[in-house]
Structures are given as structure tokens and as C-alpha cells.
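Visitor: I am new to this structure and would like a short tour of it. Could you take me through its pockets, its metal site and its ligand?

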Amino acid sequence: MSRTISISPLTRIEGHLAIHTETEVRDGRPCVTSAHCEGEMFRGIETILTGRDPLDAQQITQRICGVCPISHAIASVRAQEAAYGIRPSENGRLLQNLVFAANYLHSHILHFYHLAALDFVDVTAVLSYRGSSWALRDLQTWVQAAIDRSDLFPAAPFLPRYEADYVESPEVNWSLLAHYVDALDLRRLAHEMGAVFGAKLPHSTAIVPGGVTQAPTVERILAYRSRLRTIADFVRDVYLPDLVAAARAFPAYWSIGQGCGDMLAYGAFEMDDTGTRFFPSGVLIDGQHEPLDVAHITEEVLYSRFDSGSKLHPAHGETRAAPHKAGAYSWLKAPRYKGRPMEVGPLARILVAYHHPEGGAVRDEVDRMLGELGLEPVHLHSVLGRHLCRGLEAKWLVEQAERWLDELAVGESPARDFQICRQGEGYGLTEAPRGALGHWLTVRDHRIARYQCVVPTTWNCSPRDDAGTPGPVEQALTGLVLASADHPIEPARVVRSFDPCIACAVH
Ligand code: NFE
Ligand code: MG
């Protein structure tokens with residue numbers, strides 16, 4: 001007998017996502033035979049931008065999201081720089097990287113502790129805690145009150161929850177819950193660090209085409225570095241060990257949650273003026289590495305709530321909402337590369353770097369980590385693989401940010417002069433924490449004539465394309481076996497491993 005199991009809305013993500021799975025009972029357990037991801041709202045930022053001053057773009061597109069705003073600022077200023085014919089100054093490049101790195105660290109820590117951890121950690125274990133941590137004692141009071149007065153005082157985000165196979169060890173649960181509370185402070189610190197050169201966070205006022213408006217003074221470098229060192233200690237001593245502890249408790253999740261298998265990365269964090277990036281660009285199709293060719297990017301809309309043209313390249317993209325379109329089930333378009341769905345995000349970035357001809361250092365570090373865990377590269381295509389890749393990126397970024405600080409030239413300009421063109425076109429590609437992000441801009445008479453964003457979660461949570469091929473998350477859910485139809489924790493774990501942001505995806 002088949003049954004639809006829906007999670008609507010899926011909580012502990014950003015934005016409004018519904019997951020619908022068709023299941024059949026096999027060997028006594030529900031098994032997912034097909035899945036649909038539904039983005040449930042329309043934003044219209046691309047439409048809002050039309051007719052405005054191009055310099056508004058990096059401000060307005062940051063409002064797409066409070067979690068990854070710096071990615072939108074970077075994509076936007078790259079698109080403008082291409083249209084205006086400039087490149088960032090040397091300081092400008094480094095300062096943009098530093099603000100961006102702060103936003104990445106904030107986002108990865110947020111995702112592991114505050115969005116995903118409660119899929120694995122047993123929050124009720126705090127009730128048996130008898131130690132002296134004020135954070136755990138506070139949490140204990142909160143959880144107990146939620147249980148005693150569940151009608152009056154639901155303790156979101158802790159309870160109610162799906163009852164499932166959470167971590168059994170009380171000590172591991174206590175430790176992860178204490179770090180859940182600590183991570184709130186770390187996120188504040190990451191935002192402070194980004195604001196040193198970004199002027200304010202989450203939405204930076206300082207990022208402009210050609211650099212930033214905040215000069216690199218000795219005081220600011222010290223302010224950034226002192227926070228970076230605290231975050232680096234947390235990543236090394238807390239975040240990575242917690243990832244490993246959670247992974248050891250759930251070994252099956254190294255084999256659960258494989259997506260479409262093909263990977264796309266635009267690359268991010270310019271290392272010089274030639275386009276070399278700290279995270280390299282590239283594509284993996286059927287396991288083969290290819291250089292990125294943006295001509296192959298299109299967006300399809302047969303199953304999306306738009307009546308604009310399908311299979312358009314974003315330079316010619318259109319956004320015309322059609323809320324009542326027959327057959328459509330999502331406000332996300334379906335981005336495709338060579339007509340294929342592509343997974344984007346930390347796993348895609350690391351696999352693209354791993355298979356890159358110059359990826360030796362990444363291969364060595366990933367192989368060493370997998371070896372310590374007794375795993376093979378194929379295990380990265382999984383729920384835990386995505387979490388591990390986020391942790392590795394955080395480690396590499398705290399190390400690299402130290403070097404970018406060292407390269408800043410005090411007393412030299414943090415940006416480059418530019419003039420808004422009368423007519424022009426450009427696109428900006430980067431990697432948001434959740435994956436490949438592109439902005440495409442057309443300027444006519446000094447105004448924005450067209451603005452199109454193709455966003456990471458639009459790739460990952462895309463609906464079916466015109467050929468009926470499901471998106472990467474839809475594919476990752478298919479075949480999943482559930483322990484209980486009433487407590488579908490397994491689909492939640494798979495979807496959250498992609499760290500979806502539907503606010504971004506529908507923009
Ligand atoms: Ni709203 Fe975002 C990131 C972007 S995901 S979080 O990272 O762009 O679609
Ligand atoms: Mg778009």
C-alpha cells in the first residue's frame with residue numbers, strides 16, 4: 001500500500017520548504033519511491049531590481065537572506081565589476097575575502113549546531129545532567145518546563161520532535177548540547193569579525209565594486225585577528241571533534257543520502273588578479289572533472305510557478321510569476337547544467353577540488369581524514385559526507401584568513417574607483433556557503449534592465465525539469481527507508497544535510 005508522507009514546513013532550515021514523499025511498505029518499513037520539494041513562497045527580488053540604480057543591487061540582493069548575505073554582495077559586485085570593466089584593488093580583494101570568510105564561518109557553525117545537530121542529539125538527555133555548567137542547567141529548566149507545560153510552553157526548537165534513534169551516550173549528548181549553547185557566542189563573534197571590515201553584519205554596507213569602504217588599519221587587523229583566533233580554536237577543538245563524535249554514533253549515514261552524483265562549483269575567494277580561487281571552479285559529470293563553462297547553465301520552469309520562457313540562459317532569464325499554473329508545484333526554478341541537475345555546496349566544492357588537476361593538497365587532507373574514519377571517498381556522497389565537508393572548509397578558512405590578514409597593505413586604498421556604465425552586461429560567480437551562486441546583470445541608460453540570480457538551494461532543491469528529471473534533493477530522498485511513518489526523521493536528516501535556504505532559493 002502506498003502512502004504520502006509530508007513534512008510541511010520542514011523546520012530548522014531557512015525559508016519555507018515542504019517535502020512530499022510517496023512511500024511503499026517493503027519488508028515492513030516505509031520506503032520512499034518518489035519525492036517532491038516544494039518551495040512555498042515567492043519573493044520577487046529580481047523584479048524589484050529592474051529599473052533601479054545598479055549600485056542598489058549589492059544592497060538589495062543581500063536582503064535575499066540573513067544567513068548568506070555576503071555571498072550575494074560578492075556575486076553582485078563581481079557582476080558590476082564585469083559590466084564596469086574593473087577588478088578589485090589588491091586590498092579590496094583581500095578585504096572582501098575576509099568579510100566573506102567571516103560569513104562562511106558563521107554559516108557553517110550555525111548549520112551544524114543550530115540547524116542540524118538536533119537531528120542526532122537527544123535534547124532530553126539534559127534532564128539527567130547533574131554537573132555545574134550553567135548553560136546545561138538553563139537548558140534543563142527549559143526542557144523540563146516544556147515537558148510539564150507542553151500545552152502552554154512549546155520549547156521550540158527543542159520539543160516537540162520526531163522520536164527516533166538519537167545519540168545514546170549521556171556524556172556525548174551533554175557535550176554537544178553545551179557546545180550548542182557555546183556556538184551562539186561563536187556566531188556573534190563571527191559577525192563582529194565580519195563587521196570589522198564589512199561595517200555591519202549580517203547586511204554589510206561596506207562592500208562595493210572594486211573592494212570595500214573600510215580601510216585596513218592596524219587596529220582593525222588586530223580586531224579581526226583576535227576574533228579569528230578564538231573561532232579557529234573552536235573549529236579545531238570543538239566543531240571538528242563534535243562532527244566526528246556525531247558521525248561515530250551514526251555510521252549508517254555515511255551510506256544514506258546520495259544525491260544526483262554530478263557536482264558543480266563556481267569557485268570562490270580570489271587568490272590574485274588572474275581569477276585563481278581558493279575554492280576552485282569545475283564540474284564533475286559521471287565522476288569526470290571538467291572545466292566550468294557558464295554557457296551550459298539554463299533554468300527550466302515546466303513544474304515551477306512561472307510562465308516565463310523555459311531553458312533560458314540566465315543572461316536572458318525572465319521571472320514572471322504564475323501562482324495558479326497547472327502542474328507546477330514549486331516557486332523554485334530548475335537550474336540545469338548541460339540539461340542535468342547538479343549538486344552544489346561544500347561536498348561539490350571539495351569533490352571538484354579533489355578531482356582538480358592541481359588538487360593535491362585537498363586530496364591529501366581529505367584522504368587522511370577519511371583514512372582516520374576508516375572510509376573511502378565514495379562515502380562523502382552522504383548525509384555525513386556533507387557535514388564533514390562543511391567542517392573541513394571551516395578549518396581551511398580560518399587558516400587561510402590569517403594569511404589574507406598578513407597580506408593587507410596598511411595605508412593603501414581598500415577599493416578601486418569606478419564609473420557606472422551607460423550600457424553594459426556582466427555576471428558574477430561565487431560560492432555561497434550553500435553552493436554555487438551567480439548574478440547576471442544588464443545595464444541600460446545607467447539603470448538595471450535585467451537582473452537574474454541563480455542560487456545554490458535553487459540547484460539543490462529544484463523541482464523536476466521539463467524532461468521530468470527530479471532535482472538533487474528529490475533524488476537523495478528516493479529509496480530512503482524510514483523506521484516510522486509517523487516520525488520521519490530520515491528524510492529530515494537527508495534534506496538538512498544540504499543546508500537548504502528557501503529564502504535564497506526563491507529570491
Ligand atoms: Ni539563504 Fe544562500 C547560501 C545563497 S543558499 S543561505 O549559502 O546564495 O541558496
Ligand atoms: Mg533567479
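Guide: Let us begin with the largest pocket, which is lined by 17 residues, with Phe278, Pro280, Glu358, Ala361 and Val362 nearest its centre. A pocket is an open set of points on a 1 Å grid over the protein atoms alone, with protein on both sides within 12 Å along at least five of seven lines, and lining residues have an atom within 4 Å of a point. Please note that this is a predicted model, where local features need pLDDT of at least 70 and side-chain atom pairs count only at pLDDT 80 or more, while totals for chains, interfaces and linings use all residues. Residues are numbered from 1 along each chain as its sequence is written, chains are lettered from A and ligands numbered from 1 in the order in which they are written, and side-chain values use heavy atoms, with hydrogens and water left out.

Visitor: What volume does the largest pocket have?

Guide: The volume of the largest pocket is about 440 Å³. A volume here is the space filled by probe spheres set on the grid points, which are joined across faces, edges and corners.

Visitor: And which element gives the largest share of its lining?

Guide: That is α9, with four residues. At least two lining residues come from each of β8 (277–279), α9 (360–373) and α10 (383–407). Helices (H or I, at least four residues) and strands (E, at least two) are DSSP runs, numbered from the N terminus.

Visitor: How do the residues of that lining divide by class?

Guide: Eight are nonpolar, four polar and five charged. Ala, Val, Leu, Ile, Met, Phe, Trp, Tyr, Cys and Pro count as nonpolar, Asp, Glu, Lys and Arg as charged, and the others, Gly among them, as polar.

Visitor: What about the second largest pocket, which residues lie nearest its centre?

Guide: Thr11, Arg12, Pro160, Arg161 and Arg496 do, out of 19 lining residues. The second largest pocket has a volume of about 320 Å³, and its lining has 14 nonpolar, one polar and four charged residues.

Visitor: Where is arginine 161 found?

Guide: Arginine 161 sits in the loop between α5 (134–148) and α6 (170–198). Its side chain makes a polar contact of 2.8 Å with the side chain of aspartate 122, and another of 3.2 Å with that of glutamate 163. A polar contact is a pair of N or O atoms within 3.5 Å; within protein, one must be able to donate a hydrogen and the other to accept it, and residues adjacent in sequence count only if both atoms are side-chain atoms.

Visitor: Now the metal: which residues coordinate the magnesium ion?

Guide: The magnesium ion (ligand 2) is coordinated at 2.1 to 2.2 Å by Glu46 (OE), Cys453 (O) and His507 (NE2). Glutamate 46 in helix α1 (residues 45–49) and cysteine 453 in strand β15 (residues 447–454) are 407 residues apart, so this pair links distant parts of the chain. Donors are N, O and S atoms within 2.8 Å of the metal (3.2 Å for Na, K and Ca); water is not among the atoms, so sites may look incomplete.

Visitor: Are glutamate 46 and cysteine 453 buried or exposed?

Guide: Both are buried, meaning under 20% relative accessible area, whereas exposed means over 50% and partly exposed lies in between (1.4 Å probe, protein chains only).

Visitor: Lastly, which backbone atoms lie by the oxygen atoms of ligand 1?

Guide: An oxygen atom of ligand 1 is 2.8 Å from a polar backbone atom of arginine 434. For threonine 457 the corresponding distance is 2.9 Å, and for proline 433 it is 3.3 Å.

Technical notes. 1 Å grid on protein atoms, 1.4 Å probe; cavity = no way out; pocket = protein on both sides within 12 Å on 5 of 7 lines; lining within 4 Å.
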